[in-house]
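Please look over the sequence and the structure below. A short briefing follows, grouped by topic.

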Amino acid sequence: MKKLERNLGLSSVISISIASMLGSGIFVLPGLAFEVTGPYVWISYLIAALCVLPAALSKSELATAMPASGGTYIYIERTFGPMAGTIAGLGLWISLLLKAAFALMGFGAYLSTLTTSFDLKYLALFLTVIITILNIIGVGKVSGLLIVVVITSTLGLTILNIGTLSTASVIPGIPFSFSHMDSILLASGLVFISYAGVTKVAAIAEEIKTPEKNLPRGILLSLLIVTVLYCVTTLALAKFLPIDQLKSNLRPIYTLAQVFAGNTFATIMAILAILTMTSMANAGLLAASRFPFAMSRDHLFPKSFGHIHRKFLTPVWSILASGIIIACAIYFLNIAKIAKLASAFILVLYMFVNITVIALRETHIQWYRPTYKSPFYPYIQIFGIISTFYLLVMMKDLAIIGLVSISVPGILIYFLYAKSRVNRKGVLGIRGKRKDLFDDTPNFSPTMHSLGRCELDQDANVVVALVGNEKSPEMLIDIGTSLADGEQIEVAHLTEAPEQSDLNDFTDEDPNLRSLRRRVVAMAIEKTTPINFDPIVTHDLSKSIFEIGQRLHCNWLFMEWKGRLRGTFTTQSPVAWLRSHLSCHLAIYRDKGVRYTRKILIILDENSNDEVLAQAAYHIAKNNNAELTFVYLTNKDLDISETSNLEKYIRDLSDELDVRAVGHIEHYQNKIEKIESLSVEYDLLLFNTSTNYKWYNVFGTEDDKIIAQASCSVLGIHTAPA
């Protein structure tokens, strides 16, 4: 399959992103904002930029983890599933095209200062044809034109701002008071659409050189440049012109230039406004055309939308369809009102972009490895969610109409076309409740693709699941061999791929994988233990681990888990999910780098699971010539009888084991802190884990905290149901 050509550098990313914002947002919209809030429009633009910043940071992170054409559509589809992806993709496509059509019509106010001999509607249609052809010929040619237009327009506005702000004010200032904040916030909701294009460039991530660097840098730099330009320009307008002359003025920049320097300079600024809004429309078409292209590859849109031209290497049918929609919107629709409705949908998508980052981080999806991570996580995302929701509330009925008008067609397309062609669930679907795992049929059909020899038809006493982030796979395998007691071990190296990817594209030529295979074979020879090593690529990591355990009828399944890390929170624990589904013992290992196991601490719960815990500790101690210490923790004052019974219980467990073992009772006020304090003196800690996980465990369960905070390596064991 042909791929899009990567020919966009940092300057192109910045120019496309600025061109997506710099247009009607500064040349037309300030006149409407001045009517709402008076001279403090620059504060409204600044507040709007702060509300956009979380989405810009989140999208920069998402784009480096998924640098593919489609941008926000890709992120939402992979996270929430194909129905959400269909709605998001269609909504983004239509929203951006309507905004492009609005920009092409928006320069009418400026063109009227030059001539009245042209029909604005037909001129806009002519420009639509031109930018459609430019996009078909190649994005590199378009980006070169954008750089020239953006630099010229930015330079013109900068000269105008410096000139007006350096002149003594002809307008007396209006003292600021907090009573103005309501109107300022209301205007922030109005001018928010001025920044709506900041993340459009992520939709063409597949065509950007080194996207992991150029994409976040380009997005953040362009947002900074445009924010400064918006704030300074609106401050210059308020400083130099009477408010009555600015209210409802659809060509405020022309008016400012005319008053400041006369008709010639005003004409130059009008020409720049026309070119800038045309380039904004071009950038909108460029970004929008990648949504149906990406959706067709995911079988949510007809296949023809994913066709790449043999010569130009651009999605020609997607671009043509986008151009036709812009032309129809210009000819038939009231563009200004429809563009405002579309902006409501973009606000929702910005909110979901922030939610997506939280969802992907907290579900610990293996393939989500962004090279750029949003700072101040998750607080910046929470602020973005709250602020965009507030702006939506301010839009009232307009927001509801905008959402319904785009969501309903998206839902219809999904059910009438896409549903029968896809079986993806999205990350949250995979990590959610899994009724599909409970099948009464005796034979399983794992949804995984194996590389090399991967028969998975020989029973194993122990399965060691490696998911790629282990500190030392050898330590995990070594503990597994202790519990296998000479019986068969299956080492399964699992790689989780996004649902849209073709598993046949993966090979076992990864040098790290070959090196790991060699080390596992060496361990099998040294320990005289039969060990199978099988690399597996899957769309569904948890389901594959579950099915491997079932198919091999194992008694133990080992994997590494870091627990809750300090300073983070978790909305879901995949380990807790496995505990509630597996029918074998599940051992979760936290590697603290200890490579010399001579002292092992076992925390007792005084229940039937303690016997499994004691046997596991015994096998590990025997293999490492280690000493066992059994500890019963209590926060109660025990009488003599209770103390005697507990001491006997500990002796009964330890006396049955053919290794050095001692035991005692410890009192605590804070259980986690007590275990952390005790673990300082040991090399390995064993304890019984729980299946309990509630919605309020966003800061981690007790198990997560023990695993994360213990000073030594930890083995948390969940005993199989009786």
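**Salt bridges and surroundings**

Asp-652 and Lys-648 join their side chains in a salt bridge, 3.0 Å from N to O; a salt bridge here is a side-chain nitrogen of Lys or Arg within 4 Å of a carboxyl oxygen of Asp or Glu. This is a predicted model, in which local features need pLDDT of at least 70 and side-chain atom pairs count only at pLDDT 80 or more, while totals for chains, interfaces and linings use all residues. Residues are numbered from 1 along each chain as its sequence is written, and side-chain values use heavy atoms, with hydrogens and water left out.

**Charged pairs**

- By this rule the count comes to 7 salt bridges.
- Both Asp-652 and Lys-648 belong to helix α26 (residues 640–655), where they sit 4 residues apart, about one turn of the helix; helices (H or I, at least four residues) and strands (E, at least two) are DSSP runs, numbered from the N terminus.
- An α-helix has 3.6 residues a turn, so residues three or four places apart point the same way.
- Asp-652 is partly exposed, with a relative accessible area of 36%, and Lys-648 is partly exposed at 45%; buried means under 20% relative accessible area, exposed over 50%, and partly exposed in between (1.4 Å probe, protein chains only).
- Lys-671 and Glu-702 also meet in a salt bridge, at 3.4 Å from N to O.
- Lys-671 lies in helix α27 (residues 671–679) and Glu-702 in helix α28 (residues 702–709), so this pair ties together parts that are 31 residues apart in sequence.
- Arg-595 forms a salt bridge with Asp-591, and their closest N and O atoms are 3.0 Å apart.
- Arg-595 is partly exposed, with a relative accessible area of 44%, whereas Asp-591 is buried at 1%.

- In strand β10 (residues 684–688), 5 of the 5 residues are buried.
- Leu-684, Leu-686 and Asn-688 lie on one side of β10, and Leu-685 and Phe-687 on the other.
- In a regular strand the side chains alternate between the two faces of the sheet.
- Strand β7 (residues 599–604) pairs with β10 in the parallel sense over 4 bridges; two strands pair if DSSP finds at least two bridges between them.
- On the β7 pairing, Ile-600 stands opposite Leu-684 in β10.
- Strand β11 (residues 713–718) pairs with β10 in the parallel sense over 5 bridges, and Ser-713 in β11 is the bridge partner of Leu-684.

**Helix α25**

- Helix α25 (residues 609–624) has 16 residues and should span 22 Å at 1.5 Å a residue; its end C-alpha atoms are 23 Å apart, which agrees.
- The expected span is 1.5 Å times one less than the number of residues.
- Buried residues of α25 include Asp-610, Leu-613, Tyr-618 and His-619.
- Just after α25, Asn-625 takes a positive phi of about 55°.

**Nonpolar surface patch**

- Ile-400, Val-404, Val-408, Leu-412 and Leu-416 form a nonpolar patch on the surface, with about 500 Å² of accessible area together.
- Val-408 is located in helix α19 (residues 397–418) and is partly exposed, with a relative accessible area of 42%.

**The whole chain**

- The protein chain has 28 helices and 11 strands.
- Of its 722 residues, 58% count as buried.

Definitions and conventions. Patches are made of residues with over 30% relative accessible area and no salt bridge: like charges are joined within 9 Å, nonpolar side chains (Val, Leu, Ile, Met, Phe, Trp, Tyr) within 5 Å. Accessible areas come from the Shrake-Rupley method with a 1.4 Å probe; for residues, only the protein chains shown count as cover.
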